[in-house]
Amino acid sequence: MLALLAEMARAENETLTNRINSGLAEARRKGVIIDRPVGSRLETAELMAKHKDVVRALKAGQSIRNAARITGKGVSTVQLVAAAMKAA
């Protein structure tokens, strides 16, 4: 019985994945841009200026998680700033 339910769940997941992918492919074929809106990403300098406290914490040798905890920012934000610091 469990094997049957597991197989049904797998088949449903596969169907859902195929429908999502075909919808995305159709949108791309029609020329729809599937990404963040233009201008919503910050440039490296703007990102580092906006998050000066994160830059300071990372330069002081804090880990990404500690810097996030200290500054009250999300871990993803701190990771973006750290990547920008490495790129700059």
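Colleague: Which helix gives the largest share of the lining of the largest pocket?

Modeller: H2 does, with three residues. Helix H2 (44-50) and H5 each supply at least two lining residues. Helices here are DSSP runs of H or I with at least four residues, numbered from the N terminus. One caution: this is a predicted model, where local features need pLDDT of at least 70, side-chain atom pairs count only at pLDDT 80 or more, and totals for chains, interfaces and linings use all residues. Residues are numbered from 1 along each chain as its sequence is written, and side-chain values use heavy atoms, leaving out hydrogens and water.

Colleague: What makes a set of points a pocket, and what makes a residue part of the lining?

Modeller: On a 1 Å grid over the protein atoms alone, a pocket is an open set with protein on both sides within 12 Å along at least five of seven lines, whereas in a cavity a 1.4 Å probe fits but cannot get out; a lining residue has an atom within 4 Å of a point. Among the residues that meet this for the largest pocket are Arg 36, Glu 43, His 51 and Leu 80. About 280 Å³ of space lies in this pocket, the volume being that filled by probe spheres set on the points.

Colleague: Why is Leu 2 called exposed?

Modeller: Exposed means over 50% relative accessible area, buried under 20%, and partly exposed in between, with a 1.4 Å probe and protein chains only. Leu 2 has 71% relative accessibility, so it counts as exposed. Leu 2 is found in helix H1 (residues 2-29).

Colleague: How do you know that the buried residues of H4 line one face?

Modeller: In H4 (residues 64-71), the buried ones are Ala 67, Ala 68 and Thr 71. Down the axis of H4 they fall within an arc of 100 degrees, so they line one face of the helix. The arc is taken from the directions from the helix axis to the C-beta atoms. Arg 65, Arg 69 and Ile 70 are exposed on the other side of H4. The buried residues pack against H3 (52-59) and H5 (75-87), contact meaning heavy atoms within 4.5 Å.

Colleague: What about H3: which of its residues are buried?

Modeller: Val 54, Val 55, Ala 57 and Leu 58.
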